[in-house]
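Welcome! Take a look at the model first, and then we will walk through a few of its features.

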Amino acid sequence: MLEKKILVTGGSRGIGRAVILSLINAGAKVVFTYKSNHALAEQLCKEVNTDSQRLFMIAADAVDFESAQKTVKKAKELLGGLDGIVINAGITRDNLLWSMSENDWDDVIATNLKGTFNYARATAFGFVKQKAGSIVCVSSVSGLIGVSGQTNYSTTKAGQIGFVKSFSKEVGKFGVTVNAVAPGFVMTDMWDALGIKKQEQLIKDIPLGRPAFTEEIAEAIKFLLSKHASYITGQTLVIDGGLSA
């Protein structure tokens with residue numbers, strides 16, 4: 001069981017949604033953020049809150065520093081405290097570098113990297129004060145090996161890996177852990193958008209011969225939030241079917 005109070009950013013679909021369901025099934029209470037798709041977020045809450053109120057949603061943009069502060073405060077009010085956060089909100093704007101617009105570079109850096117700072121910054125003092133807390137960043141194998149057409153995204157995901165290494169050293173003495181997961185290709189909307197031909201090409205490079213299920217990523221994140229990972233910090237758990245081996 002994982003009877004903890006967790007905030008998940010970017011939780012209405014994909015990996016975030018799978019994380020929420022995994023945490024709820026383990027006994028946690030969860031607040032999640034979403035940026036714009038209210039209907040999808042509301043649907044998830046209705047799906048989960050059949051017997052009791054254990055899942056709450058907050059509309060928030062990861063890029064907004066003040067919004068992050070307010071969201072964390074509201075999450076604590078709704079849950080009665082906070083034990084951990086999964087920093088998952090992120091976007092892609094893929095293109096070859098010489099064709100990439102300045103906006104596409106800036107948007108990805110702002111959402112993926114500044115968003116990480118915003119929510120880690122918003123939760124840090126509370127975790128330090130209570131001398132306990134878990135921060136998990138959803139990075140990517142793209143930040144480890146690089147992916148053509150993803151210089152902006154790879155930069156942010158490599159940045160998150162460096163972030164957890166540094167930040168874990170700042171808060172470790174207060175009993176706070178900071179880790180990342182680095183998924184490879186995962187069966188989400190982004191995977192579906194690639195098309196069959198591209199998917200087949202990518203699968204050839206994966207030793208296990210398939211993309212990950214979102215549930216497989218979620219279970220790893222749940223582990224890093226649990227007492228079983230209490231002596232793990234500053235690490236990146238790679239979940240890529242052997243792609244980067």
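**A residue in a loop**

Lys131 counts as exposed because its relative accessible area is 56%, and the cut-off for exposed is over 50%. Keep in mind as you read that this is a predicted model.

**More about Lys131**

- Lys131 sits in the loop that runs between α4 (102-130) and β5 (133-138).
- Most residues other than glycine have a negative phi.
- Lys131 is not a glycine, yet its phi is positive, at about 55 degrees.

**Cysteines**

- Are Cys45 and Cys137 buried or exposed?
- Cys45 has a relative accessibility of 10%, so it counts as buried.
- Cys137 counts as buried too, because its relative accessibility is 0%.
- The structure has zero disulfides.

**The second largest pocket**

- Rolling a probe the size of a water molecule over the atoms shows where empty space is left.
- The volume of the second largest pocket is about 170 Å³.
- Its lining includes Met1, Leu2, Glu3 and Lys4, and among the other lining residues are Ala26, Lys222, Phe223 and His228.
- Sorted by class, the lining of this pocket has four charged, four nonpolar and two polar residues.

**An annotated domain**

- Which residues does the UniProt annotation "domain: Ketoreductase" cover?
- According to the unreviewed UniProt entry, this annotation covers residues 4-184.
- In the model, residues 4-184 are 51% helix and 19% strand.
- The C-alpha atoms at the ends of this span lie 27 Å apart.

Technical notes
Residues numbered from 1 in each chain as written. Predicted model: local features only at pLDDT ≥ 70, side-chain atom pairs only at ≥ 80, totals over all residues. Heavy atoms only, no water. 1 Å grid on protein atoms, 1.4 Å probe; cavity = no way out; pocket = protein on both sides within 12 Å on 5 of 7 lines; lining within 4 Å. Points joined across faces, edges and corners; volume = space filled by probe spheres on them. Nonpolar A, V, L, I, M, F, W, Y, C, P; charged D, E, K, R; others polar. Disulfide = S-S within 2.5 Å. Buried < 20%, exposed > 50% of the residue type's maximum accessible area, 1.4 Å probe, protein only. UniProt positions renumbered as here; feature names shortened; annotations may be inferred. Helix = DSSP H or I, 4+ residues; strand = E, 2+ residues; numbered from the N terminus.
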